[in-house]
Amino acid sequence: MLLKEKSKILSVHKPVKGGVCFCTEPRFREKMPALIKKHYGWEDSEDYDVAILAGGGGGLVSLDRDGRGQVVLNDFKVVTLGAHHGNEIILLNHQDCGMYAAWMEKKFKSGEEEEERLFHHEELKKEGARARKEFPDPAIKIRLGYVFVNDKDEPDIEDVEFE
């Protein structure tokens, strides 16, 4: 049954700080809000919009075979930067991504962590360039991050510079 009175939930359209694009990967998904809070200082999931895309940021460039990457960029433009007044976009890729293994045959073996890390850094730079082309306003901050499992067996984010 629909609420007939004005909803407290719907009464305030809260602005966000930005949007985050991450992979559908279940091994990291439940840890992402705490990881984003720790690494970017965004307090809770109400601070940002979320775009879940197979391959994460890689879905914007190398893994975009069906236009889903453009849909995410359009959502960020219209919703995150428009209606929700955000000014940051965070694109994340992660270690051991199955989409890269399936679509690009990029499966890294144990002992190839540094090669995999550098591969994802280059992919993220391509994704950042695509996002910057879509959002040329320098007031829009684009951040790139590589999600990996650190030496304490915990997920972590490494910043990737591109501008």
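I began with the side chain of Glu134, which makes a polar contact with the side chain of Gln70 at 3.3 Å. A polar contact here is a pair of N or O atoms within 3.5 Å; within protein, one must be able to donate a hydrogen and the other to accept it, and residues adjacent in sequence count only if both atoms are side-chain atoms.

The model is predicted: local features need pLDDT of at least 70, side-chain atom pairs count only at pLDDT 80 or more, and totals for chains, interfaces and linings use all residues. Side-chain values use heavy atoms, with hydrogens and water left out, and residues are numbered from 1 along each chain as its sequence is written.

I then listed the contacts of Glu134 (heavy atoms within 4.5 Å). Leaving aside neighbours within four places in sequence, they are Gln70, Leu73, Asn74 and Lys77. Glu134 and Lys77 are 57 residues apart in sequence, and their C-alpha atoms are 8.4 Å apart.

I placed Glu134 in helix H5. Helices (H or I, at least four residues) and strands (E, at least two) are DSSP runs, numbered from the N terminus. H5 (residues 113-134) lies across S3, S4 and S5, at about 160° to S4. Axes are lines fitted to C-alpha atoms, for helices over the stretch in contact, and angles run from 0 to 180 degrees between N-to-C directions.

I looked up the sheet next: it is open, with five strands in the order S2-S1-S3-S4-S5 and mixed pairing. Pairing requires at least two DSSP bridges between two strands. S2 (48-52) and S5 (155-160) are the edge strands. The twist averages 25° from one strand to the next.

I checked S1 (residues 18-22) against S3 (residues 88-94): they run parallel, joined by four bridges. Cys21 stands opposite Leu91 in S3.
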